[in-house]
Amino acid sequence: MTIIIFIISAFISLKILGAIVRKVQRDSRRKFLVKKYENAHIAEKILDGYIWQGQTSEQLFDSRGGPNDIERKVLKSKTKETWKYHQVRKGQFRIRIFLENDIVVGWEEK
């Protein structure tokens, strides 16, 4: 019985320690992003993984990480990209984010 209590206590302690570590990491990342973008609101949106129109490609990368694939078209007056995330099958992705000249103009989620 004592061993079971010890194991349960250790498990609970690890859970609490994990939560503290995640909070410290998030706070540290938030501080970095606020300094980088000079905007606490943008830092929070990035930390929460949001996508928004007008978001820069750098903010998108900080928010979502690198895409699984990028489709790029260079036109006379602009560059269009589609960043693709969460590949389901070959050529199929759950999220496609559309950028023009490194700015998010829209997205679709399946």
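**Notebook: strands, core and salt bridges**

I began with the strands: β3 and strand β4 (residues 103-109) run antiparallel and are joined by six bridges. I count strands as paired if DSSP finds at least two bridges between them. Helices (H or I, at least four residues) and strands (E, at least two) are DSSP runs, numbered from the N terminus.

The model is predicted, so I note the limits: local features need pLDDT of at least 70, side-chain atom pairs count only at pLDDT 80 or more, and totals for chains, interfaces and linings use all residues. Residues are numbered from 1 along each chain as its sequence is written, and side-chain values use heavy atoms, with hydrogens and water left out.

I looked up Ile97 and found its bridge partner in β4, Trp107. Two residues lie between the strands of this hairpin, and Asn101 takes a positive phi near 50°.

Next I looked for the largest nonpolar core. I found eight residues: Ile51, Leu60, Trp83, Tyr85, Ile95, Ile97, Leu99 and Val104. β3 gives the largest share, three residues. Such a core is a set of buried Ala, Val, Leu, Ile, Met, Phe, Trp, Tyr and Cys residues joined through side-chain atoms within 4.5 Å. Buried means under 20% relative accessible area, exposed over 50%, partly exposed in between (1.4 Å probe, protein chains only).

I then checked Ser63, in helix α3 (residues 57-64). Ser63 is buried, at 13% relative accessible area. Its side chain reaches the backbone oxygen of Tyr50 at 2.9 Å.

I turned to helix α1 (residues 2-37). At 1.5 Å a residue, its 36 residues should span 52 Å, and its end C-alpha atoms are 52 Å apart, which agrees. The expected span is 1.5 Å times one less than the number of residues. After α1 comes Glu38, with a positive phi near 55°.

Last, I listed salt bridges (a side-chain nitrogen of Lys or Arg within 4 Å of a carboxyl oxygen of Asp or Glu). The structure holds ten. Lys23 pairs with Asp27, their closest N and O atoms 2.9 Å apart. The two are four residues apart in helix α1, so about one helical turn separates them. Lys23 is exposed at 53%, while Asp27 is partly exposed at 39%.

Arg26 and Glu44 also meet in a salt bridge, at 3.4 Å, N to O. This pair links distant parts of the chain, helix α1 and helix α2 (residues 40-47), 18 residues apart. I also noted a salt-bridge network linking Arg26, Arg30, Glu44 and Asp48.

Terms used: A polar contact is a pair of N or O atoms within 3.5 Å; within protein, one must be able to donate a hydrogen and the other to accept it, and residues adjacent in sequence count only if both atoms are side-chain atoms.
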